[in-house]
Amino acid sequence: MLDVAISLKNVSKRFSQNGGPAAVGDLSLDMRKGETVVLVGPSGCGKTTTMKMINRLVEPSSGTIEVDGTDILKQNPVELRRGIGYVIQSIGLLPHRSIRDNIATVPKLVGWKDERIKGRIDELVEIFELDRGLLDRYPAELSGGQRQRVGVARALAVDPPVMLMDEPFGAVDPIVRERLQDQFLHIQQELRKTIVFVTHDIDEAIKMADRIAILNTGGVVEQYAPPEEILRAPANDFVKQFVGVERGLKRLALTKVAQIDIEEGPVVTSDSSSEAALREMERFDFHWAAVVDEGELKGWVDVPSVKRVGSVSEVEPRPFSAYVTGESTLREALDAIVTSRTHVAVVAIEGQRYKGILTLERISREIVDGR
Amino acid sequence: MAGSGPIIDWSRVFGTLRPELISRFFEHMQLTFLAVLIGFLISFPLAILAYRHRKVLGPITAVTGLLYTIPSLALLVLLTQLFGLSMTTALIVLTSYTLLILIRGIVSGLNGVPNDAREAAQGMGYSDRQMLWRVELPLALPVIMAGLRIATVTTIGLVTVTAFIGKGGLGIFILRGFNQFDSTQVMIGGLLSLILAVVVDIALVLAERAATPWTSKRARTVI
């Protein structure tokens, strides 16, 4: 149990004294070091309440909460909060302070020296690819996306091991949100913080989480599992309904092309003879073949073009339209396949290195087998 | 003298009246400054108390509201029974009229602090005290300053009333001018207190702008 970073045991919260329904009834969850746990559920499920109990913005009515083995209910709440990164949906940048001073908030509270703060701000500017010119501006002068990034950077200022994020990308439009999510995933890959992330958006949960806790009214944990498992094997009807339609497609979005076995396709080289090329296509029952010279993908040639000449070298290979890499998701591969005329996607890994092909059948097998 | 000649006889203003005009002008400023200062020192803790404990807001506004509605002249006369024709009497009257305006300004300024700033600040580990001084009061400053401006300008006008007990700064000229049918004294007394009010108001606006640079974001984006 050494790797448990946050542990909630039989935690409950009642807001009204006279026996109204509990916001959180009896909740127990363990979160491992370095993992992103997403609390997701309909409004009123107590996900935000649960998160706020971890930094004691909400005091639990009963139960125990441990962060890194320490009972936080015995800690000074103000000290506790300084050691936990906190991001809220409305961001909450202090409007009367420059961006620089906003980021420096917690370092100043815990008494860092000016020089150390300056160095840390430089680091964060680099990590979050912030424009240095923004540092002396006020929050009102920034765009929504910029503010959001500053909000996350500020929460990371003293490099806390634990971060609480309440719909941190909720206040921006979908395009910016996706960019921010991608950037944060990238940053998290390096930092490996323990993150408690609250959202009502199941797609965001699937994208960001190492494990998802699906909560029902009153803080009831319906399922606590990695996204892939939740999509493949929803624990009950509530989860099934909450996850919604397109479970198969959502699962495809979780798997990278590099993670599955890729099929072999017809391959010729520039110096293949026409007969050899036609034989290769026939072997796979294809009308075309990929032209690969020393591992490098040149394009494709088809039956009519090869038939007219004596050698493949006399034909100019045409570029592939359905082309994916090992880093593409199966969902992207599927999209490439259905929009290509040949219904096949060609896989190249690292630039132009040819690996093989993906077919509709191969991808559909991936969904069915995993079930 | 009465009813003849120009409304303001400038040769008298720059001649015989000048020394007293200057000293009364400073007396007017002094009374205003002291009344607003004392008013603020009383209002500030009361307003913080009312902001923190909603229950006391009602009684505080009721009492200060009552003070505000008493006619200034009546209060003045009443207080001379206790403190005579003194500076104390004048200051008590002037101060009591600033309380309602100042307390309301501070409380509504604090109420107007955006909730997300407060929540984020709490979540980052500000103590209640740090939150008040470093987040809530700075953000409430524009509204607090607006209250301060109204209180100050109102006081500048009210000071003239205290002329009835021999204080009153520039009000002395107005009162004496009426009694002597001397339009020059009435007009110059009124004119100077008007100028004082406008100048002080502008000064307070400039001070507020300097203290709240984040509210004038446009100036920065242009640069």
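Residues are numbered from 1 along each chain as its sequence is written, and chains are lettered from A and ligands numbered from 1 in the order in which they are written. Because the model is predicted, local features need pLDDT of at least 70 and side-chain atom pairs count only at pLDDT 80 or more, while totals for chains, interfaces and linings use all residues.

Chain A is assigned domain 1 (4-244) and domain 2 (258-369), with bounds from an automatic or database domain assignment. The centres of domain 1 of chain A and domain 2 of chain A, taken over C-alpha atoms, are 44 Å apart.

Chain A holds an open sheet of four strands with antiparallel pairing, in the order β2-β1-β4-β5. Strands (E, at least two residues) and helices (H or I, at least four) are DSSP runs numbered from the N terminus, and two strands pair if DSSP finds at least two bridges between them. β2 (24-32) and β5 (70-71) of chain A are at the edges with a single partner strand each, so one side of each has no neighbour in the sheet. Strands β1 (residues 4-13) and β4 (residues 62-67) of chain A are joined by five bridges, and Leu8(A) is opposite Ile65(A) in β4(A). Helix α1 (residues 47-54) of chain A lies across β1, β2 and β4 of chain A, at about 120° to β1(A). Axes are lines fitted to C-alpha atoms, for helices over the stretch in contact, and angles run from 0 to 180 degrees between N-to-C directions; contact requires C-beta atoms, placed from the backbone, within 7 Å.

In chain B, helices α8 (residues 171-179) and α9 (residues 183-211) pack at about 155° with axes 7 Å apart.

Between the chains, 20 residues of chain A contact 18 residues of chain B. On the chain A side, α2 (77-82) and α4 (105-109) are the elements that give two or more residues.

Methods: Two residues are in contact if their C-beta atoms, placed from the backbone, lie within 7 Å.
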